[in-house]
Structures are given as C-alpha cells and as structure tokens.
Amino acid sequence: MKADYNESIPNNVNLGDDRRLLRALERWQPAYIQWWKDMGPVNSNDIEVYLRTAVSVDTDGWAHFDHVKMPDYRWGIFLAEPGPDRKISFGAHKGEPVWNEIPGEYRSELRRLIVTQGDTEPASVEQQRELGRTAPSLYDLRNLYQVNVEEGRHLWAMVYLLHAYFGRDGREEADEMLERHAGDPDRPRILKAFNEQTNDWLSFFMFTYFQDRDGKFQLAALAESGFDPLSRTCRFMLTEEAHHMFVGETGVMRILQRTCELMRQHDTTDVRPFGGINLETVQKWINFHYSICLDLFGSERSTNAANYFSMGLKGRYQETKIDDDHKLDGEQMDIPKVTEDGIDSETISTLTAMNLKLRQDYTADSQRGLNRFNKMIAAHDIDVTLTLPDEKFNRTIGIYSGIEATPEGELISAEEWAKRRAAWLPTDEDKAYVNSLMVPVTEPGKMAGWIAPPKRGIHGRPIDYEYVLFH
Ligand SMILES: [Fe+2]
Ligand SMILES: [Fe+2]
C-alpha cells in the first residue's frame with residue numbers, strides 16, 4: 001500500500017477522501033510543528049540529516065533514505081494492511097469480527113489507552129532534546145534524530161485515531177498532547193518514567209534499550225486489539241520501535257566494548273582515568289532504567305487491565321501464540337504479597353494480572369540483550385556479569401512500592417536503603433563524571449573515546465559518511 005505524498009499530510013488512509021478529517025488534522029499540524037521547533041531537538045532546525053521516511057507499509061522497501069531538513073520531515077499517518085477477515089482473538093468477544101468503529105460502550109477505555117500511549121511519544125522527544133549538543137559521532141547524532149522524528153510520527157499515529165474516531169473530545173486530547181511536557185511541574189507527562197531527564201548518552205542508550213522496549217510490549221499488546229485501526233497503526237509502529245531498540249542495544253554494546261578494551265589495556269577495573277565508563281557505572285544505569293520501566297507496566301493486580309482484556313481492547317504479548325482459551329474466565333493464579341513478616345503469596349483472578357504477565361515477558365526480553373552484553377564481556381576474559389535488578393528493587397508502583405530491597409531482592413529497612421543506595425543507583429558524582437565525557441564529536445567517522453565505533457554504517461553507507469550536514 002503506497003503512501004500518498006501529494007496531500008499536506010502523507011498517509012495511506014485515504015485522508016483525501018475525508019476532507020473534514022483532513023482539515024481537522026491540518027489545523028493540528030501547525031501546532032505540532034511549533035511544538036517540534038520549541039520542544040524538539042535543540043539547534044536542529046537548519047541542519048540536514050540522513051533520515052529514513054516511510055513510503056509504504058510493505059515489509060520490503062517501506063523506507064526511503066535521504067538528507068532531510070528536520071522540520072521538513074514528512075510526518076505521516078501509516079497503518080499496516082488490514083488482515084483478511086480478522087477476528088477478535090481474546091476476551092468476551094473472541095471470535096467476533098474486529099471493529100472498524102469504536103464500540104460505544106468501550107469508548108472511554110479506548111480513549112484512555114490511546115492517550116496514555118500517545119503521551120509517551122512526544123515525551124521522549126522532549127526528554128532527549130538536549131542530546132544533540134553532545135553526540136559522540138555523526139552516526140549517533142543521526143540515530144538520535146531518526147528516533148526523535150519517528151517518536152513524532154508515533155504521536156501523529158495516536159492523534160490520527162483521536163481525531164478520526166473520537167470527535168470533539170478526541171481533538172481536545174490531541175491538543176493536550178502538545179501542552180503537557182516532560183518534567184513540567186505544572187503539566188507533566190502522564191507516566192513518571194517519561195518525566196525523567198535523559199541528558200547524557202549513556203542514559204539515551206539505556207532509554208532506547210529499556211523504555212523503548214516497554215514501548216514495544218505496550219504496542220504489541222495494543223496490536224492485538226479488537227479495534228482494528230488501533231491494531232493496524234501499532235503494527236506499523238512496531239517496525240519503527242525495533243530500530244529504536246537496535247540503537248539502544250548496539251549503543252550499550254559499543255560502550256561495553258570500549259570499556260573492556262580499556263580494562264584489558266590498562267589492567268584495571270577503573271577506566272575513568274582513561275576516559276571510559278566503568279562496568280559498575282553501566283550496572284547502576286541498568287538498575288535505574290530497568291526499575292523505573294517496571295513501574296510503567298502498572299500494578300500487578302489491576303481491574304482496568306482485566307477490563308481491557310475482557311473487552312478485547314488490549315491483549316497479551318503474542319496473544320494468538322498462547323495456548324489457552326484466551327478468555328481466562330474463572331482462572332486463578334498466585335502473585336507475591338508483602339506482609340509484615342516478608343513476602344507471602346495470594347491467589348487472584350488471572351484476568352487482573354495482565355500487567356504482570358506483560359511485564360514478565362518484558363523482563364525475559366530485556367534479559368536476552370543482557371546475555372549478549374555478558375558474552376561480549378566474557379570474550380574479553382573479564383569476569384563480570386551485568387544483571388537486571390530484582391523486581392522488588394527501587395519500585396514506586398505495585399506490590400513492592402512500600403518496601404525497600406537490594407538489587408538481589410533481599411528486603412532491607414528504609415535506613416539501610418538510604419545508606420546503600422549510592423552503591424546501586426547513579427549518584428551525583430557518577431552523573432557528573434558521565435557528563436564530563438559528553439563532548440560533541442562532529443568529524444565524519446570519528447568517535448568519542450568512551451564508545452567503540454559501530455560495526456557498520458546506515459543503509460549501506462560507510463561509517464565515515466556525512467550523516468548530518470551542518471552547513
Ligand atoms: Fe514510539
Ligand atoms: Fe520508540
């Protein structure tokens with residue numbers, strides 16, 4: 001399905017046939033561009049970046065690569081092809097044809113799901129806006145901007161659904177997407193992890209490893225939705241999300257590679273004197289990002305999550321591959337429970353544990369990348385294993401929000417937590433050190449000293465290609 005680039009808003013949803021909707025989106029467009037210029041990447045309005053732009057949603061050849069002036073990027077609306085006779089695959093409506101209009105009785109739940117997802121997209125652009133000042137190479141700078149423009153497009157995707165299916169309150173929600181801002185004390189973004197600063201590149205790579213992976217799991221669960229336009233837009237967003245996680249995983253891997261090289265070369269675990277990032281520091285960043293991302297999945301026990309599932313709005317990860325009845329009526333399971341004497345368990349309805357299920361799949365997926373990191377460390381003959389902290393560590397939402405635990409999961413008092421947290425989470429001193437490394441490298445092919453070069457360039461271009469033109 002080719003995209004229509006003749007319209008003011010590129011799309012594959014026949015926007016040209018619906019002049020009312022087109023006009024409504026055209027009214028939102030200038031506010032979006034203004035937001036991009038004010039709150040998007042700093043100092044990026046005049047440079048040209050080697051970006052990919054979606055031209056169709058076919059698996060092969062959906063993207064076109066060229067140097068683009070960033071505010072001229074063609075943000076558009078792309079939905080994956082409708083599946084032939086797609087049926088709802090879970091919940092009370094299992095087996096019924098998917099909906100192409102909003103089922104009236106589920107309107108407010110659907111709106112809430114779309115708004116919560118949509119809000120994270122511009123949030124991440126805002127969180128990352130300062131990073132362009134200190135990119136470790138042109139290759140990395142280009143990747144940052146690619147992620148940023150695609151998060152902008154993800155906002156477009158959700159705003160399209162709000163405009164096309166929710167009428168006036170949808171339009172109001174779309175306006176508010178540009179009015180809340182990451183870290184704004186008065187009008188913050190909806191989810192806590194999307195209000196944290198991402199001002200150094202170690203944080204950026206962790207963000208694209210952990211937060212974007214949360215995005216993958218949320219989108220995958222929404223891609224199962226019985227509301228077909230939501231499913232189709234999430235399916236296409238997932239293809240872009242994969243690239244964001246690639247940026248994260250390869251970024252962390254390249255930092256680790258450089259660290260390991262310095263450790264071997266100088267026979268030390270402390271590579272700071274040589275301009276590297278210690279493995280211990282990387283572990284602290286993992287502890288922080290992973291634990292705040294677990295909070296993004298919400299409470300382990302949630303009536304909302306049960307409703308979303310029963311209503312057929314949000315499924316489980318790879319719902320159709322799960323071997324059960326996809327309804328779960330009357331099913332029960334045990335989940336942990338915090339008591340005065342420690343951790344016990346309680347039996348709850350499986351339906352209310354949907355957030356936990358998605359989070360467990362996220363943890364397994366996060367661990368797979370860590371295994372690859374550890375293999376690389378071991379290949380340098382270094383006896384260090386990076387780990388995901390225990391689910392009880394540093395939590396502010398759900399079962400464990402009222403207790404403190406070590407990264408190994410041992411319960412400790414609040415006093416002990418206060419005493420020991422500097423060993424587990426980034427300290428001001430750690431942040432100051434990492435920030436001291438953040439100096440821009442803008443010569444094509446050159447890398448900052450704390451990160452190894454990538455294995456290959458982008459879209460067949462060499463590593464020393466001019467991915468960003470400053471003029
Ligand atoms: Fe996104
Ligand atoms: Fe993303």
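Predicted model: local features only at pLDDT ≥ 70, side-chain atom pairs only at ≥ 80, totals over all residues.
Student: What makes the radius of gyration of the protein chain agree with that of a compact globule?

Tutor: For 471 residues, a compact globule would have a radius of gyration near 23 Å, and the protein chain has 23 Å, so the two agree. The C-alpha atoms fill a box of roughly 65 × 65 × 40 Å along the principal axes.

Student: How many of the residues are buried, as a percentage?

Tutor: Buried residues make up 43% of the 471 residues in the protein chain. Among contacts with a separation of 6 or more, 68% join residues 24 or more positions apart.

Student: Which secondary structure elements does the chain contain?

Tutor: The protein chain has 10 helices and seven strands.

Student: Why is H3 called roughly antiparallel to H5?

Tutor: The axes of helix H3 (residues 138-177) and helix H5 (residues 228-266) come within 10 Å and cross at roughly 170°. Angles over 145 degrees count as roughly antiparallel, and H3 is therefore roughly antiparallel to H5.

Student: Which residues make that contact between H3 and H5?

Tutor: H3 contributes Asn143, Val147, Glu150, His154, Ala157, Leu161 and Tyr165, while H5 contributes Pro229, Leu230, Thr233, Met237, Glu240, His244 and Val247. The residues of this contact comprise eight nonpolar, four polar and two charged.

Student: Which residues of H4 and H8 meet?

Tutor: Tyr209, Phe210, Arg213, Asp214, Phe217 and Ala221 of H4 meet Leu358, Asp361, Tyr362, Asp365, Ser366 and Gly369 of H8. By class, the residues of this contact are six nonpolar, two polar and four charged.

Student: Why is Asn304 called partly exposed?

Tutor: Asn304 has 16 other C-beta atoms within 10 Å. A buried residue needs 20 or more and an exposed one has 12 or fewer, so Asn304, in between, is partly exposed. Asn304 lies in helix H7 (residues 303-310).

Student: How far apart are Asn304 and Asp85?

Tutor: Asn304 and Asp85 are 219 residues apart in sequence and 28 Å apart in space, C-alpha to C-alpha.

Conventions:
Residues numbered from 1 in each chain as written. Chains lettered and ligands numbered in written order. Axes fitted to C-alpha atoms, helices over the stretch in contact; angles between N-to-C directions. Helix = DSSP H or I, 4+ residues; strand = E, 2+ residues; numbered from the N terminus. Parallel < 35°, antiparallel > 145°, perpendicular 65-115°, else oblique. Contact = placed C-beta atoms within 7 Å. Nonpolar A, V, L, I, M, F, W, Y, C, P; charged D, E, K, R; others polar. Rg over C-alpha atoms; globule rule 2.2 N^0.38 Å.
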